[in-house]
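Here are my notes on the model, point by point. Please read them with the structure open.

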Amino acid sequence: MSDVPTHSVDTQVEELLAAMTPAEKAGQLTQYFSFGPSVGDGGPQRAGEVEEALGRGGAGSLLFVTDPAETNRLQRLAVEGSRHGLPVLFGFDVIHGLRTVLPVPIALAASWDPETIERGQAVAAREARAVGIHWTFAPMVDIARDPRWGRIVEGAGEDPYLGSVVAAAQVRGLQGGGLGTPERVIAGPKHFAGYGAALGGRDYDEVDLSDAQLWNVYLPPFRAAVEAGAGNVMTAYMPLNGVPATANRWLLSEVLRGHWGFEGFVVSDANAVRNLTTHGFAVDATDAAVRAVEVGLDLEMAITEPAYASLPAAVEAGAVDEAALDACVRRVLTAKLRLGLLDDPYVDEQRAAQVLNDPGHREVARVAAERAAVLLRNEGGLLPLDADRLGSVAVLGPLADSRRDTLGPWVFDFDLDETVTVLDGLRTRLTGVDVRSAPGVRPAQRRFPSVFDMFPGNTPPDPTDFDDEAELQRAVELARDSDLAVLVLGEWQQMIGEAASRSSLELPGRQQELLEAVVATGTPVVLLLLNGRPLDLRWAVEHVPAILDLWYPGTAGGTAAANLLLGDVSPAGRLPFTWPRTVGQVPITYAHTTSHEPQNQGRRYWDEESTPLFPFGFGLSYGRFTYSDLTLDRDVVGVDETLTASVTVANVGEHDADEVVQLYLHQRSGTAARPVRELKGFQRVHVAAGESRTVRFAVGPDERRYWNAAVREHVLDASTFDLWVGGSSTATLGTTFTTTT
């Protein structure tokens with residue numbers, strides 16, 4: 001942490017506030033985009049407008065600057081343009097890496113490994129800080145239970161317990177022990193709150209959630225991020241239960257600052273303050289600015305003319321109390337001082353290249369990709385492969401050699417030259433094996449373009465000289481003439497993420513046709529998936545012997561894929577969401593309550609089983625695990641007491657492997673109906689072949705407490721609880737205990 005005493009920071013902030021005009025204060029609450037000339041025409045805000053604001057002390061923050069020299073140039077304009085020498089905060093979307101790209105966040109969550117997540121985000125923070133970035137708009141901690149929603153790829157999936165553990169790990173990795181930790185950045189969890197529950201999975205659409213859903217499902221990861229020390233929170237675009245989140249007094253004043261004691265600063269999402277008028281909430285931009293400031297929205301991320309530019313006039317007219325303005329400025333200035341920016345606002349340009357090229361960072365990315373992969377199917381023990389028994393391998397599919405798609409969405413400062421695709425990884429590893437490749441089908445295209453198409457190379461090419469039928473047949477012939485076919489299919493990276501919701505979960509384009517044609521050759525097939533959401537694999541699970549979900553594995557993804565396929569490491573990732581059979585089941589979650597005719601839960605639809613294709617927490621291994629000796633140190637405890645559950649996990653297979661040991665609870669009765677089971681603990685453990693481990697879990701009040709709609713507060717009920725431990729949410733080894741008042 002910064003070695004500047006808190007009282008010294010507070011004193012400096014108050015001195016600055018006392019010397020600032022309302023216009024200077026409003027400037028500190030304004031964040032501008034600063035795209036370079038490489039992005040279209042420089043984006044919606046021209047460089048001249050941004051620099052003019054810097055020259056008069058009218059900007060408190062900039063985003064999308066990653067060149068250290070440009071960072072210093074703009075910072076110098078800000079410092080010299082401010083009467084008080086105030087620097088700007090540089091923010092950036094460092095979602096899953098900067099130059100070294102980690103697996104996408106949903107993949108990191110699939111590792112069920114907080115240490116791997118923390119280590120990876122520490123690398124991301126180190127690279128970001130080296131180029132002059134002070135703050136990242138991450139982690140995204142929105143719970144997502146509708147995979148049609150494109151931003152599911154940025155979060156940790158459907159479960160509040162897993163989501164909370166992942167959120168805290170990301171904050172620790174990005175921010176370290178607190179603001180001012182060397183080589184770390186401000187963590188900015190988003191989007192507060194409920195954004196992942198958009199109607200129909202349609203990005204930006206309204207959200208209507210009961211208080212029970214908010215408190216029990218959607219708010220816990222935010223609270224975990226705040227308790228981990230996050231210095232910033234970003235608001236959501238949409239109205240929550242009719243009230244836009246960006247000016248929602250209950251969310252920002254009562255919950256975030258009141259109940260949780262958050263002391264950091266709050267930023268809007270892009271143009272969300274002006275959009276208060278779009279929602280039919282505010283009369284005009286001035287009204288929007290006033291209402292946002294009054295509820296504690298500290299910093300406006302502005303795409304067009306900032307609404308906060310109207311604040312000085314609003315203060316003069318008495319429309320807003322200057323004390324409300326001061327409260328916002330105070331929090332922004334405090335962050336800058338705790339980062340040490342008033343003393344040292346510039347970045348070491350020479351050191352940046354050294355940090356970005358650190359080979360240790362690529363090793364962290366490789367290990368993360370290996371630990372995130374989920375083995376969905378492995379009939380007949382096809383995997384791991386024996387290289388000595390392979391003479392030829394066909395690596396097929398339009399994503400097999402796509403560097404950009406290997407990285408995934410939400411990266412902007414990558415180096416494609418060092419990105420390892422699946423084809424690269426297998427060719428490097430399978431020396432002496434004839435590795436041949438063909439895309440088979442052309443890249444699929446979105447019906448409606450992506451907002452991110454303005455970034456160079458973000459749209460998959462659509463070649464005019466691609467002979468569809470000939471290329472499909474070429475891939476099929478390669479498969480027929482090979483000992484093994486490795487098919488790499490999924491979604492192109494700009495088909496998921498922000499503004500990338502979709503109405504179907506089918507493989508885009510003609511990929512399903514390619515898959516079926518290759519399987520029909522009779523050659524053994526391994527299907528590798530590049531994805532950030534569940535896809536419709538009903539046909540594949542009936543016909544493809546081995547399916548490995550790589551997600552979007554990042555810079556070292558191809559190396560990780562080869563190591564996994566050849567058994568250097570056993571897959572041990574586990575699903576962070578329930579995988580539906582078809583989009584018609586959405587939303588589907590394991591943590592549902594018992595309703596009428598529970599014996600028919602799997603028959604709610606007449607035409608399709610209403611059960612998942614793969615359950616939450618599922619994942620196969622090259623090891624084979626058994627569970628036994630589940631014991632509790634007590635079977636009766638007070639509601640405010642803790643018991644310990646122990647279980648023996650044995651690897652009776654032939655391969656050393658990791659297992660993710662998961663604990664689930666069900667409260668049988670009480671003052672509200674509770675879900676059939678809920679994740680309340682997990683540990684990823686390594687168990688050598690032929691060995692066993694004893695794993696212990698503490699089960700206390702925090703694991704049993706929930707928000708109750710009847711009494712409108714958190715409660716602990718006296719009840720009987722079912723407890724299961726196993727390798728997924730369908731664990732069968734169970735016992736019971738009772739809590740008493």
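1. Helix α6 (residues 114-130) packs against helix α15 (residues 349-356) at about 155°, with the axes 8 Å apart. That makes α6 roughly antiparallel to α15 (the label applies over 145 degrees). Axes are lines fitted to C-alpha atoms, for helices over the stretch in contact, and angles run from 0 to 180 degrees between N-to-C directions. Helices are DSSP runs (H or I, at least four residues), strands likewise (E, at least two), numbered from the N terminus.

2. The α6/α15 crossing is left-handed (the near helix is turned anticlockwise from the far one by less than a right angle). From α6, Arg 126, Glu 127 and Ala 130 make the contact; from α15, Arg 351, Ala 352, Val 355 and Leu 356 do. Contact means heavy atoms within 4.5 Å. By class, four of these residues are nonpolar, none polar and three charged.

3. A word on provenance. This is a predicted model: local features need pLDDT of at least 70, side-chain atom pairs count only at pLDDT 80 or more, and totals for chains, interfaces and linings use all residues. Residues are numbered from 1 along each chain as its sequence is written, and side-chain values use heavy atoms, with hydrogens and water left out.

4. The largest nonpolar core has 183 residues. Such a core is a set of buried Ala, Val, Leu, Ile, Met, Phe, Trp, Tyr and Cys residues joined through side-chain atoms within 4.5 Å; buried means under 20% relative accessible area (1.4 Å probe, protein chains only). Phe 192, Leu 376, Leu 396, Leu 537 and Trp 551 touch the most other members. Helix α14 (residues 322-338) gives the most, with eight residues. Another core, of 22 residues, lies apart from it; Phe 625, Val 637, Val 647 and Val 661 are among its members.

5. Check two cis peptide bonds. Ala 138 to Pro 139 has omega of about 5°. Pro 139 sits in the loop between β4 (135-136) and α7 (160-175). Leu 383 to Pro 384 is also cis, with omega near 0°. Pro 384 is in the loop between β11 (374-378) and β12 (392-396).

6. Tyr 204, not a glycine, has a positive phi of about 80°. Its loop runs between β5 (186-187) and α8 (211-218).

7. Asp 629 has a positive phi near 55°, and lies in strand β17 (residues 625-632). Asp 629 counts as exposed at 54% (the cut-off is over 50%).

Note on methods. Parallel < 35°, antiparallel > 145°, perpendicular 65-115°, else oblique. Nonpolar A, V, L, I, M, F, W, Y, C, P; charged D, E, K, R; others polar.
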